[in-house]
Amino acid sequence: MGRVDLHVHTNYSDGLMDPFAVVQEALNKNISAIGITDHDTMDGLSTAKQAGKMYGIEVVPGIEFSADYDGKEVHILGYYCNRELNELKQTLQDLKRSRLERITRMIQKLKGLNLDISLADVQQITKGEILGRPHLALALCRKGYCKTTAEAFSKYIGSNAPAYVKRFKITTGEAVRLILKSGGIPVLAHPGLYNADEIISDLISIGLMGIEVFHPDHRLVDILRYKKMAREYNLLVTGGSDFHGTGIGSSPFLGYVTVDSQYLEEIKKYRRI
Ligand code: AMP
Ligand code: ZN
Ligand code: FE
Ligand code: FE
């Protein structure tokens with residue numbers, strides 16, 4: 001019973017708060033369950049689970065794959081994946097390594113622009129090993145090379161800026177299949193952000209099981225459209241705040257978007273772990 005927030009990030013990816021603090025925050029906000037959905041990693045889950053036991057908050061294991069759909073970045077959420085599956089472990093390891101290599105290359109480019117920044121400066125920002133441009137942007141600010149992360153993106157690391165290097169991504173198809181293989185439940189994250197609803201039917205044909213209907217960036221028309229689609233295609237409905245910690249850009253607070261625990265119960269009918 002209660003409200004649940006099924007889309008939450010921690011500092012194991014690009015969130016600002018550690019999993020323990022995130023669970024405490026759920027308690028403060030009177031949320032009964034949170035889905036920890038870090039980008040490309042499940043490393044924050046053990047701590048989150050521990051904290052959940054202490055505070056009586058249900059922690060739903062999740063992940064958010066940053067995947068590629070025909071050159072577009074599309075996010076796939078996976079709930080209740082078995083972390084022990086070798087193929088999943090291997091893919092997560094590969095993603096970690098390729099992110100490290102990519103940030104290292106970006107740092108080299110920044111050095112070429114006479115910006116003195118090291119890998120350690122970037123690694124300091126995050127607890128985990130999932131390095132992304134938001135961490136690099138914060139490190140550049142700390143070093144005094146820019147006032148805001150937005151400035152870091154526009155001057156140095158945005159996709160049209162001089163130190164940009166593309167990141168390796170798995171495809172959306174690979175993400176859905178991998179989640180299914182791990183016994184998990186694949187859900188399309190914030191479909192309202194892609195402007196390409198054909199993605200949905202495409203992914204359903206390979207096993208997509210749910211759709212994130214409720215998200216801070218969804219307008220009422222989006223919510224209604226995706227609710228209708230969920231009914232038509234018999235998809236699970238999820239939702240959450242996409243919390244990244246207060247103070248990161250326009251990130252809303254934990255629980256800014258929640259769904260009734262009834263939705264989580266529906267999802268759990270398909271869990272295998
Ligand atoms: P990455 O996956 O490492 O390439 O980083 C992508 C992330 O950087 C996105 O999810 C955003 O959170 C952030 N980002 C991208 N462009 C900008 C921008 N112009 N200003 C601030 N943050 C941005
Ligand atoms: Zn994020
Ligand atoms: Fe996302
Ligand atoms: Fe997210």
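This is a predicted model: local features need pLDDT of at least 70, side-chain atom pairs count only at pLDDT 80 or more; totals for chains, interfaces and linings use all residues.

Contact here means heavy atoms within 4.5 Å. By that criterion, what covers the buried residues of helix α6 includes α3 (86-112) and α5 (133-142).

**Helix α6**

- Helix α6 spans residues 149-157, and its buried residues are A152, Y156 and I157.
- Viewed down the axis of α6, these buried residues fall within an arc of 55 degrees, so they line one face of the helix.
- The exposed residues A150 and S154 are carried on the face of α6 turned away from its buried side.

**Sheet and the helices across it**

- An open sheet is formed by 8 strands in the order β7-β6-β5-β4-β3-β2-β1-β8, with mixed pairing.
- The edge strands are β7 (236-239) and β8 (259-260), each of which pairs on one side only.
- Strand β4 (residues 72-79) pairs with strand β5 (residues 185-188) in the antiparallel sense, over 4 bridges; Y79 has I185 in β5 as its bridge partner.
- In general, strands of a sheet pair through backbone hydrogen bonds, either parallel or antiparallel.
- Helix α1 (residues 19-28) lies across β1 (3-8), β2 (33-36) and β3, and runs at about 150 degrees to β2.
- Helix α2 (residues 45-55) lies across β2 and β3, and runs at about 155 degrees to β3.

**Nonpolar cores**

- The largest nonpolar core comprises 63 residues, and those with the most contacts inside it are I34, F65, I76 and L188.
- Strand β3 (residues 58-69) gives the most to this core, contributing 6 residues.
- Leaving aside residues up to four places away in sequence, I34 touches D5, V8, V22, V23, A26, I57, E58, V59 and V60.
- A second, separate core has 20 residues, including I103, I117, A137 and C141.
- In soluble globular proteins, nonpolar side chains tend to be buried together.

**Metal site**

- The protein donors of the iron ion (ligand 3) are E64 (OE), H75 (ND1) and H190 (NE2), which lie 2.1 to 2.2 Å from the ion.
- The donor residues of the iron ion (ligand 3) follow the sequence spacing E-x10-H-x114-H.
- Distant parts of the chain are linked by the pair E64, in strand β3, and H190, in the loop between β5 and α8 (198-204); the two are 126 residues apart.
- Both E64 and H190 are buried.
- The iron ion (ligand 3) and the zinc ion (ligand 2) are 5.9 Å apart.

Notes:
Residues are numbered from 1 along each chain as its sequence is written. Chains are lettered from A and ligands numbered from 1 in the order in which they are written. Side-chain values use heavy atoms; hydrogens and water are left out. A nonpolar core is a set of buried Ala, Val, Leu, Ile, Met, Phe, Trp, Tyr and Cys residues joined through side-chain atoms within 4.5 Å. Buried means under 20% relative accessible area, exposed over 50%, partly exposed in between (1.4 Å probe, protein chains only). The arc is that of the directions from the helix axis to the C-beta atoms. Two strands pair if DSSP finds at least two bridges between them. Axes are lines fitted to C-alpha atoms, for helices over the stretch in contact, and angles run from 0 to 180 degrees between N-to-C directions. Donors are N, O and S atoms within 2.8 Å of the metal (3.2 Å for Na, K and Ca); water is not among the atoms, so sites may look incomplete.
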